[in-house]
Amino acid sequence: MSKTSGSHAVKEFTKAPLTEEGLTETVQRITAGVDEFSVLNQPARAVLVAKVTEQWQQEFVSNFHIPEDLAKAGEAYAAIEQGDKYPSLSESAREAVLKRFDDRYGDGGPRLWPVLNGK
């Protein structure tokens with residue numbers, strides 16, 4: 001691949017992966033300079049990693065499904081809050097996901113949700 005076509009390919013790389021595993025794999029490929037990313041220097045690869053990660057997190061937050069079942073929602077909330085689930089999320093993305101739960105069930109998470117605590 002020529003430098004020109006490689007640069008073009010990187011500029012066209014705007015679609016973040018669909019899954020967290022896909023994000024991890026993509027970040028590893030960019031960081032290692034594999035395939036079309038080989039034409040980028042280290043600072044450019046770091047910028048691209050940040051861009052892809054940010055895009056993935058924005059899409060993840062906006063498409064995140066809040067469970068209908070309250071007990072499952074409480075379990076998911078706790079796992080996300082503790083970082084056991086989706087450990088790659090930035091703190092801001094994690095807070096945005098948890099805010100979506102709070103918007104639906106009430107502020108403070110499952111420890112304070114009135115319907116889980118008999119209120």
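The model is predicted, so local features are reported only at pLDDT of at least 70 and side-chain atom pairs only at pLDDT 80 or more, while totals for chains, interfaces and linings use all residues. Residues are numbered from 1 along each chain as its sequence is written, and side-chain values use heavy atoms, with hydrogens and water left out. The chain has five helices and zero strands, where helices (H or I, at least four residues) and strands (E, at least two) are DSSP runs numbered from the N terminus.

**Confidence**

- The average pLDDT of the chain, which is the predictor's confidence in each residue on a scale from 0 to 100, is 83, and 82% of the residues score at least 70.
- Over residues 1–6 the pLDDT stays under 50, and for this stretch the model has six contacts beyond four places in sequence, a contact being heavy atoms within 4.5 Å.

**Overall fold and surface**

- Read along the sequence, the elements follow the pattern α-α-α-α-α.
- Of the 119 residues in the chain, 39% count as buried, with buried meaning under 20% relative accessible area, exposed over 50% and partly exposed in between (1.4 Å probe, protein chains only).
- Among contacts between residues at least 6 apart in sequence, 63% join residues that are at least 24 apart.
- The accessible surface of the chain comes to about 7,200 Å², and 54% of that surface belongs to carbon and sulfur atoms; such areas come from the Shrake-Rupley method with a 1.4 Å probe, and for residues only the protein chains shown count as cover.

**Packing of H2 against H3**

- Helix H2 (residues 20–32) packs with helix H3 (residues 42–63) at an angle of about 170°, their axes being 9 Å apart; axes are lines fitted to C-alpha atoms, for helices over the stretch in contact, and angles run from 0 to 180 degrees between N-to-C directions.
- That angle makes H2 roughly antiparallel to H3, since angles over 145 degrees count as roughly antiparallel, under 35 as roughly parallel, 65 to 115 as roughly perpendicular and the rest as oblique.
- On the H2 side the contact includes Leu-23, Val-27 and Ile-30, and among the H3 residues that they and their neighbours meet are Leu-48, Val-52 and Trp-56.
- By class, the contact of H2 with H3 has seven nonpolar, four polar and two charged residues, where Ala, Val, Leu, Ile, Met, Phe, Trp, Tyr, Cys and Pro count as nonpolar, Asp, Glu, Lys and Arg as charged, and the others, Gly among them, as polar.

**Packing of H3 against H5**

- The axes of H3 and helix H5 (residues 91–105) come within 9 Å and cross at roughly 10°, and the two helices are therefore roughly parallel to each other.
- In this contact Gln-57, Phe-60, Val-61, Ser-62 and Asn-63 of H3 meet Ala-93, Ala-96, Val-97 and Arg-100 of H5.
- The residues of the contact of H3 with H5 divide into five nonpolar, three polar and one charged.

**Individual residues**

- Ala-44 lies in helix H3 and is partly exposed, with a relative accessible area of 28%.
- Asp-35, placed in the loop between H2 and H3, has a phi near 55°, a positive value in a residue other than glycine, and counts as exposed at 52% relative accessibility.
- Tyr-86, found in the loop between helix H4 (70–82) and H5, has a phi near 60°, a positive value in a residue other than glycine, and is partly exposed with a relative accessible area of 21%.
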